[in-house]
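Q: I would like to go through this model before setting up any calculations. Could you take me through its overall build first and then its local details?

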Amino acid sequence: MKLVVTDITRFKDNNDVCMALLDVENCTCHRPLPYATKELVAQKGIRPGMLVDATVLPIEDATRPHVEDCHMVNDLWLEMMDDNSFKDLLEHTAFDSVSEAFNGMITPKKRCAPHDCPPEFSIKTIRVDPLSMALSVMDCGEKKIRLSFQDKSGETFRHTPIADLNFHSCVLKYIQQDRMDELNALLAGGEDVYIRLGLSRLYKGKSGKQGYWMQANGIYCFPGYFCSTM
């Protein structure tokens, strides 16, 4: 089975990364377990848009919303997919509305899917208005980077946590160089922007609310670059 990497998701407190891949033929999403590590990703040069030939073994007791969980074996990492082909694959899976993508359970005022009745899937591709893209930094002991955006249905999502490993690393470099205005202008100048919007594992927030929280797992602007190469 030929797959393409669409997401490399960071974790806050450890070196694990969660990858998501799409089947090139039918666009089914797969999330291999156990998690990979940052060291493995660096060693193999794995990036969004990279192709891999592998055998996928479904996990029979995978539960909503993380029905994409699987085992991946016999993996042979190949070349990068070209920009246009990667964009076409994202477009084929994309929704104009976050709410539609997650069965009405995620909205601008409701960022946490309920733990007792989650959506049928945990990750979807969303078409985004490029001019709406804006990054901000919350400095509370550590820098927390947040993304605001508007989907194509016109709904605005503010201060979205960024779980995209490569994008997060790129933003940190721009922050260190005091070039955030330049980065925001670069994002707004894209012709097409897609966000791979995901739901976290079950998590209880500081308020005590428990559920599956919205986060940006992959952020891609076209034409001309992947954010991982900025």
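Predicted model: local features only at pLDDT ≥ 70, side-chain atom pairs only at ≥ 80, totals over all residues.

Q: How many helices and strands does the protein have?
A: The protein has 5 helices and 15 strands. Both are DSSP runs numbered from the N terminus: helices are H or I with at least four residues, strands E with at least two.

Q: What does the C-alpha trace span along its principal axes?
A: The spans are about 45 × 40 × 35 Å.

Q: And what share of the residues counts as buried?
A: Of the 230 residues, 50% count as buried. Buried means under 20% relative accessible area, exposed over 50%, and partly exposed in between, with a 1.4 Å probe and protein chains only. The accessible surface comes to about 11200 Å², and 49% of that belongs to carbon and sulfur atoms. These areas come from the Shrake-Rupley method with a 1.4 Å probe; for residues, only the protein chains shown count as cover.

Q: What about contacts between residues 24 or more positions apart?
A: Such residues account for 63% of the contacts with a separation of 6 or more. Contact means heavy atoms within 4.5 Å.

Q: Switching to charges, how far apart are the mean positions of the positive and negative ones?
A: The mean positions of the 26 positive and 32 negative charges are 8 Å apart. Lys and Arg count as positive, Asp and Glu as negative, and His and the chain ends are not counted. Each charge is placed at NZ of Lys, CZ of Arg, CG of Asp or CD of Glu.

Q: Now the helices. Which residues of α2 are buried?
A: In α2, which covers residues 83-92, Phe86, Leu89 and Leu90 are buried. They cover an arc of only 100 degrees around the axis, which puts them on the same side of α2. The arc is that of the directions from the helix axis to the C-beta atoms. The face turned away from this buried side carries the exposed residues Asn84, Asp88 and His92.

Q: What covers that buried side?
A: The cover includes β1, β2 (16-23), β7 (94-95), β9 (123-128), β13 (192-199) and β15 (210-222). Thr6 is found in β1 (residues 2-10), and Thr6 is buried, with a relative accessible area of 0%. Beyond its neighbours within four places in sequence, Thr6 is in contact with residues including Phe86 and Leu90, as well as Arg196 and Tyr220.

Q: Which residues of α5 are buried, then?
A: Met180, Leu183, Asn184 and Leu187 are buried in α5 (residues 180-188). Seen down the axis, they fall within an arc of 100 degrees, so they line one face of the helix. They pack against β10 (134-139), α4 (165-176), β13 and β15. Asp181 and Ala185 are exposed on the face of α5 turned away from the buried side.

Q: Where is Ser200 found?
A: Ser200 is found in the loop between β13 and β14 (203-204). At 12% relative accessibility, Ser200 counts as buried.

Q: Backbone geometry next. Which residues does a cis peptide bond join?
A: Most residues other than glycine have a negative phi, and most peptide bonds are trans. Arg64 and Pro65 are joined by a cis bond with omega of about 0 degrees, and Pro65 lies in the loop between β5 (50-58) and β6 (69-80). The peptide bond from Phe222 to Pro223 is also cis, with omega near 5 degrees.

Q: What is the phi of Cys27?
A: Phi of Cys27 is near 65 degrees, a positive value in a residue other than glycine. Cys27 is found in the loop between β2 and β3 (29-32), and is buried at 16% relative accessible area. His159, in strand β12 (residues 156-161), has a positive phi of about 55 degrees. At 48% relative accessibility, His159 counts as partly exposed.

Note on methods:
Residues numbered from 1 in each chain as written. Heavy atoms only, no water.
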